[in-house]
Amino acid sequence: MKLSKLTPLIFLISVSLIGTACNKFVIEGVNYSQEVESVLEPDENGNVEDVRHDLTFNINPLLKEEFGEGEQLNIEEIRLIRNAEGFYFITAKNFRHVYVMKPGHSNLKLENKIRVSDDRLISPAFNYRDGIVQLVNTGTNDVYALRVDGIEELNQEG
Amino acid sequence: MTHATKQLITLTFLVLFGWTSVHAQTSDYQIKKGFQATYTVLNEAIENAGSVSELDTVVSEISEFEAEFSDHKELLDNALYPETFESSFAKLKQDANNTERRLLIIESQDEKLSELSSELSSYKNELERLSNTSDSLRNAINKSEQSERELAALVQQYRQSLEFRDNAVLNIVDSLFITYRDLKTETSADLVEFYDNRKIVSQDNPLEFISDVVEENIQILKTDEGTLQTEDYLRMHVVQTRFSEVWNQIGNDLVNIYAGSNKEEWKTEIESKLSDWEASSSRNMWASIDEYLESNDVDLGAFDSNKSFYASIEAFINDATDLSRENVITDENYEQFQSFYAFWNGKIKSEWGDFVQEGDVLTMTQISAIDSEIMNWRDEAKPRSFFIPILLGISLLTIVGLIIVLARK
């Protein structure tokens, strides 16, 4: 069979493939934000479950990342909040960082690790104000505005 | 300090804590938790409120609570999903309204019960006085060495004092019934809960009173040594029947309200005493009727219930009617008829009439049936007059004799 005879066939296959690709439509402007943070207590295996938002994961990799292999502090609860883009911001008492995690196929992938304090956080909490995730250290009244790529602005109130 | 008061203090603390937190840097999550904690305390305070005034305090706390958190309405609408700030308060206020309605009913019924308690107290005194009179009269009769006439007067007084006592018991029973019938509404479950948490002083407890009255009546019947007459036993049986009827209607409610944690024990005790009383009063009454009939030469055979009494009367009348039919010449059956008729009309239908029907000795239908059979018996037992047939026979013989004499001539 000559190539010239195959040309219409190749053309038809190409058109149909392009058509199929065009049918994967996308909804833009989705707001994933969570207005109030979730405070989750891990079980003995380190699993946490956010019943309201239907989310389950294990915090042990997070603890390993925060404290390293040697030091293991007992974490009674972790706090997480989600911004409009869908990134999870996770921290806990005694952490120095806020972990920005991107949800994937059955995983949470580290997008950024924001160091918010040289000292361990005493009583951190997330708020969601005007589309921005805030980290409040209620013990010291420090407020940090957080974006995926880091601290946007550092306020010292009190 | 009551449980409710403690709760209110906790509540005030929580509201204050909430207020302080609002003015410092705090987390939305903390606001949500504070709201939920206060909400739970308020909810429990509504459930546990023991009076309308206590509930009024809780309601005013709810208003303060609502005002304190109204700045966070938007946040809470989100955090409380699927509830909202408004729906949460609507629910709380609705619960408070329901509890207030329930408490108002309970308080009004509690008032009625208090009235009854004071009534009960005066009845107890009256009954005690009458019982004392009866006791001293019975003692006087037992020890009496007086003349027959004086003794008869004492017995008469004793019987009269028992009659007064029985009337007092009937009045008490009616009073109890009217009061508790009014209480027997959909609120009785609330009352049970209310009274479970309230210590009832034994002197206010109608169950104690009922148990004592029943016990005294059993003792009167058991210790009687022939001083009472059939009429007295009939009256006592009526009192017992009425008492049991009322107990069957309101007994469960009384036990629920007043027996606290000993519901089964009280129920069993009173019902066992009532059963004992019923057996004694019934036995004495039937024995006394039988004795009365025997003393009037009417032998009905054995009977110890409405059914067997009716059957005995019916059999007695039928036999007597048959006998009368067979012996038309003698007037012996007619005398028996008259004796029974005097008992039937004079005692059963007149003197004892009210007790016979109220005490279910005989029903109206049974009395009517016996009336008709008695009329039948009377017709058969009435002695026939043979004067006219004999006169007619003599006249006929005379005429025949005259005709023969005239013919011979």
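A residue is called buried when its relative accessible area is under 20%, and this cut-off will be needed at one stop of the tour. Please keep in mind throughout that what you have open is a predicted model.

**First stop: the two chains together**

Begin by showing chain A and chain B in separate colours, and then select the residues where they meet: 15 residues of chain A are in contact with 10 residues of chain B. The size of an interface is often given as the accessible area lost when the parts come together. Between chain A and chain B the buried area is about 1,100 Å², and carbon and sulfur atoms give 49% of that area. If you now select E35(A), V36(A) and R52(A), you have the residues of chain A that lose the most area to chain B, and together they account for 43% of what that side buries.

Next, select R129(A) and D28(B), which form a salt bridge with their closest N and O atoms 2.8 Å apart. The rule finds one salt bridge across the interface of chain A and chain B, and it also finds four residue pairs in polar contact there, with both residues at pLDDT 80 or more.

Is N127(A) buried or exposed? Its relative accessible area is 1%, so N127(A) is buried. The side chain of N127(A) reaches the backbone nitrogen of D28(B) at 2.7 Å. Leaving aside residues up to four places away in sequence, N127(A) touches residues of both chains, among them I81(A), I132(A) and V133(A) as well as T26(B), S27(B) and D28(B).

Now select residues 97–103 and 108–115 of chain A, which are strands β6 and β7; the two run antiparallel and are joined by seven bridges. Within this pair, V98(A) stands opposite I114(A) of β7(A). Four residues lie between the strands of the hairpin, and in this hairpin S106(A) takes a positive phi near 60°.

**Last stop: chain B**

Of the 409 residues in chain B, 43% are buried.

Note on methods: Residues are numbered from 1 along each chain as its sequence is written. Chains are lettered from A and ligands numbered from 1 in the order in which they are written. This is a predicted model: local features need pLDDT of at least 70, side-chain atom pairs count only at pLDDT 80 or more; totals for chains, interfaces and linings use all residues. Side-chain values use heavy atoms; hydrogens and water are left out. Contact means heavy atoms within 4.5 Å. Buried area is the accessible area (1.4 Å probe) that two parts lose on being put together, summed over both. A salt bridge is a side-chain nitrogen of Lys or Arg within 4 Å of a carboxyl oxygen of Asp or Glu. A polar contact is a pair of N or O atoms within 3.5 Å; within protein, one must be able to donate a hydrogen and the other to accept it, and residues adjacent in sequence count only if both atoms are side-chain atoms. Two strands pair if DSSP finds at least two bridges between them. Buried means under 20% relative accessible area, exposed over 50%, partly exposed in between (1.4 Å probe, protein chains only).
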